[in-house]
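Hi,

Here is the structure I promised to pass on. Have a look, and below it you'll find my notes on what turned up.

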Amino acid sequence: MKTLQDWLSHLETAHSGGLIDMGLERTSEVKKRMKLEPQCPVVVVAGTNGKGSVCAYLTQIYKQAGFKVGTLTSPHLLRYNERIAVNAEPVSDDTITASFERIETARGEISLTYFEFNALAAVDIFIREQVDVMILEVGLGGRLDAVNVFDCDCAVVTSVDLDHQAFLGDTVEQVGFEKAGVFRSGKPAICGQNPAPESLVAHAEAIGAKLLMVQRDFDFSSLENIQWNYRFHPQHSDDPARNRNSLPFPALRGAYQLSNAACALTVLECLNDKLPVDIGAIKRGLLLVENPGRFQVLPGRPLTVLDVGHNPHAARALRRSLINLAFAQKRTAVFSMLSDKDIDGVLEIVKDQFDEWYIAPLDVPRGMTLESLQNKLHEHSIENIQTFATVREAYRAAASKAGENDRIVVFGSFHTVADVMSVL
């Protein structure tokens, strides 16, 4: 029997040398052979940023309401198992390897990518676990993502901005079209961005999806960062309007989290007849939600923030959230990025928020070299840089030198945050 680690090492290179290969034909055929037909409501969540947070809110609120929840997310921070969770708990190695064996038997001559195995295994496991609702996070884009072989009862696009241009296009309109690919005819399609790309709105109209847009069909307002209100008032729908007032601020920190929470609450409204949720479950879910690495403020001093943001859209959100924090005497960035990301865009947005930079290369094939990281920082007139062989060493050095009124922010990639989490 192969262990989970054996399987993952194999899957990393088994299909076209581990390259991303978009398309639905392979996954559709294996899904058919395995008869993977969810019998419960399915929510598909896409978007440039905020997908993981929306999945986390939905998971915790439905769990608090007494439903059994299956959640697929990606990437993982420390263990692959984080990607496939039942009631917010990662499933066991044995559960995953058993599912991989079933997929391996069913696929026959069809070659599948790492993520296609991931998506099929999640739904296979959730069906066997007899969950009440499946929450599936899109890996990349939407239209051609493996998750899109499953028809959703409700789709969410949290935000649309540039990332993964090689696969999704160089304009927000192209990206919007790719993400709108998860919408389904006659089903609610929630968009957390207004104005939304015209391509997304046009696609929703063309297929007859019920588009619900923030600031038009639902909105939210905060009261001095203590409580917030949510309003659901769909323009073209039979769903009744509803207000949810005096909601507690979510446990996830960051200026953009109310928008993510509002998208999640709109899903609850759309599926309320199948999955009724009371206000108590919503409040408990907002307070208990966890999504590591999303503007995660660690307990203790110096103040330490972990943020997996790796594109300009996320960098703008990070900057807003940092500005909202209390004054810090010395502000240190522990930073590294992948070479296929828009480092120029990110640095330009956040560079005024740091006094010193501790940089190191990531130990992955797509990681930027130390030299290229250094050159990029110099190009943006960033001085006061210290270099290290690994992100772990950079973080240890920053932590040992920081006073209790200082601030350390670890950001730039999932890999950067994962390396520091492994130290913590």
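Helix 4 has a buried set made up of Ile96, Thr97, Ser99, Phe100, Ile103, Ala106 and Arg107. Bear in mind that this is a predicted model. Those buried residues pack against helix 1 (4-14), helix 2 (25-33) and helix 5 (114-129). In an α-helix there are 3.6 residues a turn, so residues three or four places apart point the same way.

Asn87 is at about 50° and sits in the loop between strand 3 and strand 4 (89-90). Asn87 is partly exposed, at 24% relative accessible area. Ser381 has a phi of about 55° and lies in the loop between helix 13 (370-379) and strand 16 (385-387). With a relative accessible area of 57%, Ser381 is exposed.

You'll also run into cis peptide bonds. One goes from Ser74 to Pro75, with omega near -10°, and Pro75 is in the loop between strand 2 (69-72) and strand 3 (84-86). Another joins Arg301 and Pro302, with omega about -5°; Pro302 is in the loop between strand 12 (296-298) and strand 13 (303-307).

Last, the record: an unreviewed UniProt entry lists residues 293-414 as "domain: Mur ligase C-terminal". In the model, that stretch is 34% helix and 20% strand, and its end C-alpha atoms are 8 Å apart.

Cheers

Technical notes:
Residues numbered from 1 in each chain as written. Predicted model: local features only at pLDDT ≥ 70, side-chain atom pairs only at ≥ 80, totals over all residues. Heavy atoms only, no water. Buried < 20%, exposed > 50% of the residue type's maximum accessible area, 1.4 Å probe, protein only. Helix = DSSP H or I, 4+ residues; strand = E, 2+ residues; numbered from the N terminus. Contact = heavy atoms within 4.5 Å. UniProt positions renumbered as here; feature names shortened; annotations may be inferred.
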